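Student: Could we go through the charged side chains here together, with the reasoning behind each label?
Tutor: Happy to; let's take the labels one at a time.

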There are 4 protein chains.
Amino acid sequence: VSIPDLQRSLREFAADRDWEQFHVPKNLVMALMVEAAELTEIFQWLTPEQSSAVMSDPARGEHVREEIADVLGYLLRLADVLGVDLESSLAEKITKNAVKYPVERSRGSAAKYTEL
Amino acid sequence: VSIPDLQRSLREFAADRDWEQFHVPKNLVMALMVEAAELTEIFQWLTPEQSSAVMSDPARGEHVREEIADVLGYLLRLADVLGVDLESSLAEKITKNAVKYPVERSRGSAAKYTEL
Amino acid sequence: VSIPDLQRSLREFAADRDWEQFHVPKNLVMALMVEAAELTEIFQWLTPEQSSAVMSDPARGEHVREEIADVLGYLLRLADVLGVDLESSLAEKITKNAVKYPVERSRGSAAKYTEL
Amino acid sequence: VSIPDLQRSLREFAADRDWEQFHVPKNLVMALMVEAAELTEIFQWLTPEQSSAVMSDPARGEHVREEIADVLGYLLRLADVLGVDLESSLAEKITKNAVKYPVERSRGSAAKYTEL
């Protein structure tokens, strides 16, 4: 399945339930935050090392997968409602960041490091 | 470009800069929240109606596109580090939600409506 | 009860349970985000008008009170662990914002309006 | 200064600038999330140990103080607009949590530990 396919499924899902009325950008961005926070909750008391091993527990791993799917779902829905092309937007951002963070000056530095 | 292609670009971007050390799930989920909040900031004082028209202003529209790209970037990076397949996770979640929110009982209801 | 009294209660609560090991700033700020998102969830599908009337429903009002208390709790705990004086920090910020947002130039404007 | 004093200052600050129109709960909770995320950003790439030492750098410490003040400001404003008494809400929540997390069963356990 591709991103546009998933967006079509989500669009039909909302239309079938007459939920488009709730899916204005202001509401969808709040829902995105809420889902991102539900994902965050899984990691909040873990050490960084524990966070790297989170998928080794099957129940917790399934929980992570579901919350990641929820974040992706609202992000796709928001982009769809706004008419934003996700793949090209990210591809452009990566190109831009390659200029902003030159390899030599950025190596191993968290100080400079504020973005992807 | 596909999701796996974008993930490969982001993975190489991080590797080239020796940033894998920072990209543990606990940190990436924080970065995801921060980017989602930067997107939220654009909408916080807008009415729902204004939020629906946000792309009609070119400068603001470009800002929205960039912040959406940042959210997607960290979501792809997080999923990559965790080994989560994004497309199949979301496809499964949509199937699950179709059972959880039957069309007839869910129509037009925000009361029941707590998820996608 | 004053802010320092509440902070003392929370400090003892954590100490009694040997939870100080979890209460490092990085974790507490994540917990703060998570609680703020649980509060956000109550408002995400409401219109602005409905959001203003949220306390008129007793059950929902109680839910709002509890989530607000959770946000405050983690904010007090975080400030306590970091040694930040909350009242003086906010008083200084208000003074600063009075300069940043002069009454005449800021009146009724959401365009300029990005902070308190 | 007490919490009610600070709320009075914030209320007058908003009234003087005719900003009450923007200060509906739905908008204020978004602003709260955004400020909490700006605080989070300071900690996202730090190790837990580095996060505990964050105030030892004066510039960064001042940044932390300002972001904490912003979070508190919007929380006070939101509570004021909703008519929620912050101190009593938190005092009640602490009492409730003392029952939910008995000292003996909760000691040193992050597994059980999902709330304050």
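**Charges between chains**

Tutor: Let's begin with C:D70, which is buried, with a relative accessible area of 2%. The model is predicted, so local features need pLDDT of at least 70 and side-chain atom pairs count only at pLDDT 80 or more, while totals for chains, interfaces and linings use all residues. Residues are numbered from 1 along each chain as its sequence is written, chains are lettered from A and ligands numbered from 1 in the order in which they are written, and side-chain values use heavy atoms, with hydrogens and water left out.

Student: Why is C:D70 called buried?

Tutor: Buried means under 20% relative accessible area, exposed over 50%, and partly exposed in between (1.4 Å probe, protein chains only). C:D70 has 2%, so it counts as buried.

Student: What makes C:D70 and D:K93 a salt bridge?

Tutor: The term asks for a side-chain nitrogen of Lys or Arg within 4 Å of a carboxyl oxygen of Asp or Glu. Here the closest N and O atoms are 2.7 Å apart, so the pair qualifies. C:D70 lies in helix α4 (residues 58-82) of chain C and D:K93 in helix α5 (residues 86-100) of chain D, so the pair joins two chains. Helices are DSSP runs (H or I, at least four residues), numbered from the N terminus.

Student: Is D:K93 buried or exposed?

Tutor: D:K93 is buried, at 6% relative accessibility.

Student: How do you know that C:E92 and D:R65 form a salt bridge?

Tutor: Their N to O distance is 3.3 Å, so it falls within the limit. This pair also crosses between chains, from helix α5 of chain C to helix α4 of chain D. C:E92 is partly exposed at 44%, whereas D:R65 counts as buried at 19%.

Student: Which salt bridge do A:K93 and B:D70 make, and why does the pair join two chains?

Tutor: Their side chains meet at 2.7 Å, N to O. A:K93 sits in helix α5 of chain A and B:D70 in helix α4 of chain B, so the pair joins two chains. Both A:K93 and B:D70 are buried.

Student: Which residues are linked in a network of salt bridges?

Tutor: A:E66, A:D70, B:K93 and B:K96 are linked that way. Over all chains, the count comes to 36 salt bridges.
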